[in-house]
Amino acid sequence: LAAGRITSAPVTAGRDIFLGTATCTGLVLDTAEIQAIDADTIQIGKTGYTGRVTLGTLALADTTRAIVADGTGGGVTLDGPFTATGSVPGGMGLEITGSGAGTVLNGNITSTGYAYIDDAVELAANVTIDSSAGGGDVYITGGSTGIWSSMGEENDLVARAGAGSVILASLSGLNDNWGAADLVRNVTLTGGSILLGGGNVISGGLSLGAPQVTLGAVVRAAGPISIDDGAGGDAAVVIVSNTILDATQEGKVSAGNAVTIRGTVTALEANNSFFSLKAGTVGDVLVTGRIGVVGSGAALGAVTITGNDLTVAAIAGLRGGLFLEGVDAVGGGDPGSVTLTGTTYQADTSLAISAGSRGPAPDYSLGSPENRITLAGGVAGATTSFVTGGFDAEFSGNVNLAGRNMSVDTTSGGTATSSGLIWIYDAVDGSGTLTLDAGTGGNILVNHLTGAVGSTTPLVGVTVTNGNDVG
């Protein structure tokens, strides 16, 4: 039997279908019978089909398997590994169109083409979807209820697309099916590009590896979160809506986990979307590339980053505020710190950088002398600039210039219609220069709570360009 597209469906719309090694009462097509069909696309089921299609172990060559079970109550179960190979890589694969009730995956999918699931997905085992050999896309819409694990299980999801795209686009994201099932554990996605959307809660970690990663998502993970190009190099991360990467699972894992982004972060288009990273009191944060306007990219809204030890490159081109907080580990075993590897930190509104906790009144002492804000951008003698658009700039923690110069300007280069305060609460050391400009209306307070300027390592110079009250 040969054709461009052949459709097989029972006369009774609710009669179940069994494919490959799967057998039971209903329409049964074993592997030999399916392989005898010569068609570019073999479609099982049709629009309005309300039964369940169950695939056992099945391997096909030079064809696309399309399964349609989109009628009310219709569904698909993959009970064994599915393999699709073809002489036209990228064109052969698996298509599943479900009813929204959920496609159950209990086996792996391997394809030289694409893998497309337009349905909610239940993981009944650790599942790998691999189209990397042909560079086909892996696309899971997630329906209206997202992706989850079977009740009583926490299963992993791995998707590999090679040069193709991995798209998890459901607004419901990875979740527990509204409390009716369990969370997906570890999620690992690799491809030429990745799109992750929706609200996602997972019981393990998240790893995204692609040269281009697009996020419009909230991710609350109980394990580490990492983004790179798939080979440990830099990715280009693009934000399309408010995005939170939270490795504390919304405070349920208070110690947290590491959050690592190797690459740049910018907005798809100018907006007020905020970008937030949360690593808890033990997890560290590393961002190697610029956040904000990158090249011809658009501006983000506000940026908030919290964790134990923060290492963050330049942040500039924000329509909102910039807030970096290095938090002390519980018990004080690992003091919080912030290391700034860029030379520009700019926000249209407030800027606040803090390292460590403070004691009670009246002295408000730092938790540790190791609570440091360290300048590490450029070479020795380079200047690191902190700029706001007429709003306050605050630094809580001992500032270590490390042979570099520090410039704080709350007037946006004199263009802002108002000027903000400059508060440097603690010691400033490190054999560099300190230049402060709060305009004619902003107050300047240095060593407001503890420490002194140059008490450990003398500064080369201190310049106050403008300020109302200076103390």
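Close-up 1. The model shown here is predicted. Asp130 has a relative accessibility of 17%. With buried set at under 20%, Asp130 therefore counts as buried. The side chain of Asp130 meets that of Arg160 in a salt bridge, at 3.3 Å from N to O. Asp130 belongs to strand S15 (residues 127–130) and Arg160 to strand S18 (residues 157–160), so this contact ties together parts 30 residues apart in sequence. Arg160 is partly exposed, at 36% relative accessible area.

**Close-up 2. Glu250 and Arg220 form a salt bridge.** Their closest N and O atoms are 3.6 Å apart. The pair links distant parts of the chain, 30 residues apart. Glu250 sits in the loop between strand S26 (243–246) and strand S27 (259–261). Arg220 lies in strand S23 (residues 212–221). Glu250 is exposed, at 55% relative accessibility. Arg220 is buried, at 17%.

**Close-up 3. Glu370 pairs with Arg372 in a salt bridge.** Here the closest N and O atoms are 2.7 Å apart. Glu370 is partly exposed, with 42% relative accessibility. Arg372 is also partly exposed. Its relative accessible area is 32%.

**Close-up 4. Arg220, Asp246 and Glu250 belong to one salt-bridge network.** Salt bridges with shared partners join these residues. The structure as a whole holds 6 salt bridges. Side chains of opposite charge can pair when their charged atoms come close.

**Close-up 5. Seven strands make an open sheet with parallel pairing.** The strand order is S3-S2-S5-S8-S11-S14-S17. Strand S3 (27–29) and strand S17 (147–149) stand at the edges. Each has a single partner strand, so one side of each is left without a neighbour in the sheet. From one strand to the next, the twist averages 15°.

Close-up 6. Ile17 has Leu27 in S3 as its bridge partner. Strands of a sheet pair through backbone hydrogen bonds, either parallel or antiparallel.

Conventions
Residues are numbered from 1 along each chain as its sequence is written. This is a predicted model: local features need pLDDT of at least 70, side-chain atom pairs count only at pLDDT 80 or more; totals for chains, interfaces and linings use all residues. Side-chain values use heavy atoms; hydrogens and water are left out. A salt bridge is a side-chain nitrogen of Lys or Arg within 4 Å of a carboxyl oxygen of Asp or Glu. Helices (H or I, at least four residues) and strands (E, at least two) are DSSP runs, numbered from the N terminus. Buried means under 20% relative accessible area, exposed over 50%, partly exposed in between (1.4 Å probe, protein chains only). Two strands pair if DSSP finds at least two bridges between them. Axes are lines fitted to C-alpha atoms, for helices over the stretch in contact, and angles run from 0 to 180 degrees between N-to-C directions.
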